[in-house]
Amino acid sequence: MVRLLWAALWPILPLLFLHGAATAQARLQPQLPLLERGGLTAAQLAIVINDDDPASVAVGDYYRRRRAIPDANVVHVRIPGKPHSLDPARFQLLKEEIDSQLKPGVQAVLMVWTAPYAVACNSITGAYTLGFDGALCRETCAAGQPSAYFNSNSTRPYATHGMRLAMLLPTESVAAAKEVIDRGIASGFRLVPASAYYLTTPDAARNSRAMFFPPPGRIAAKKLATRRLQADALERAHDIMIYQLGKASVDKLDTLRFLPGALADHLTSHGGDLLGSTQMSSLRWLEAGATASYGTVSEPCNHWQKFPNPAVLLRHYVQGNSAIEAYWKSVAWPSQGLFIGEPLAAPYRRR
């Protein structure tokens, strides 16, 4: 636990130091360590299409063409019935079917469908990347399997850690899925002024990661301002690149404008239950204009390690990591967490 706490804290320490010594203009210039060169590319990403789901086929073909995914990196499977969850045995067969079609250089996998999104108490992205954790299902509030990729500087997760990252691209609406893809692609064209918003809400139990919120200031080289607020929800902000808070349901999304490549998530128990009805689904973030999001599929309790760490997410995203890399690097115990959206969005990658 101590090791994970320090691993999460150290990226924000330069920000805290600079915050104390800020100029009158309160400009923060985080001294972030250099990453390895490069980042995840289309040639390293495989897409998995469910041939039993016409929406998966349509969106998968659109993504392949728009992102120039090599034909050799397109995997076809059949999952009849669109179940929300798979049992572990059925999932293992699916994983073996996917893996058998992957080339050695593939570092990440994009599953192109909405459901299935869970494997018992695990998310399908967590079970694919880390392996199914059956012990967690006996006590979902227990500590999860630690991720070796947490806060890593690696740009090749499979080569370095033996982990192929997984993300889900929801296809409930073909038109909406295409818009998410287009936003991810648009994020790579030009750097624009933007803000990262971190809200501490009155919901104390869901504020467990607020201690990792970056201090207010500016990362001038990236044209990015960091803003911390005490509020129930953000309203009428039109420059959002990151939006993170803790709440069961987030209001006023219809007043917001997310920039291409925006990441947004809320710490709550069942955000990753995409088609559930007990709490706000992470799908709402994509519908509101975000490009990627995250949520848990089973009761995680409010361990900060099971949710994106704001300091770690910011650090890796502004240094040029793609959405799938930055999000995966930000979660210490990701077995219950579902990563969704357009994986190759990278608004801060050097052009």
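Helices (H or I, at least four residues) and strands (E, at least two) are DSSP runs, numbered from the N terminus. The model on screen is predicted: local features need pLDDT of at least 70, side-chain atom pairs count only at pLDDT 80 or more, and totals for chains, interfaces and linings use all residues. Residues are numbered from 1 along each chain as its sequence is written, and side-chain values use heavy atoms, with hydrogens and water left out.

**Whole chain**

Start with everything shown. The protein has eleven helices and 14 strands. Of its 351 residues, 58% are buried. Buried means under 20% relative accessible area, exposed over 50%, and partly exposed in between (1.4 Å probe, protein chains only). Now consider contacts, meaning heavy atoms within 4.5 Å. Among those between residues at least 6 apart in sequence, 74% join residues at least 24 apart.

**Stop 1: Val 106**

Select Val 106. This residue sits in the loop between α4 (88–99) and β4 (108–112). Val 106 counts as buried, at 1% relative accessibility. From Val 106 to Leu 45 is 61 residues in sequence, but 5.6 Å in space, C-alpha to C-alpha. Leaving out residues up to four places away in sequence, Val 106 touches Gln 44, Ala 46, Asn 73, Tyr 158 and Arg 164.

**Stop 2: α3 and α8**

Select residues 54–67 for α3 and 174–186 for α8. The two helices pack at an angle of about 20°, and their axes are 10 Å apart. Axes are lines fitted to C-alpha atoms, for helices over the stretch in contact; angles run from 0 to 180 degrees between N-to-C directions. Therefore α3 and α8 are roughly parallel to each other. The scale is: under 35 degrees roughly parallel, over 145 roughly antiparallel, 65 to 115 roughly perpendicular, the rest oblique.

Look down through the pair. The crossing of α3 and α8 is right-handed.

Now show side chains. On α3, pick Ala 55, Ala 58, Val 59, Tyr 62, Tyr 63, Arg 66 and Arg 67. They meet Val 174, Ala 177, Lys 178, Ile 181, Asp 182, Gly 184 and Ile 185 of α8. By class, this contact has nine nonpolar, one polar and four charged residues. Ala, Val, Leu, Ile, Met, Phe, Trp, Tyr, Cys and Pro count as nonpolar, Asp, Glu, Lys and Arg as charged, and the others, Gly among them, as polar.

**Stop 3**

Go to Ala 68, in the loop between α3 and β2 (74–77). Its phi is positive, about 55°, although Ala 68 is not a glycine. Ala 68 is exposed, with a relative accessible area of 57%.

Select Lys 223 next, in the loop between β9 (217–219) and β10 (224–230). Phi of Lys 223 is also positive, near 55°. Lys 223 is partly exposed, at 37% relative accessible area.

Then move to Pro 116, in the loop between β4 and β5 (118–119). A cis peptide bond joins Ala 115 to Pro 116, with omega about 10°.

**Stop 4: Ala 326**

Finish at Ala 326, in helix α11 (residues 323–329). Ala 326 counts as buried, at 0% relative accessibility. Beyond four places in sequence, Ala 326 touches Leu 313, His 316, Tyr 317 and Asn 321.

Notes. A crossing is left-handed if the near helix is turned anticlockwise from the far one by less than a right angle, and right-handed if clockwise.
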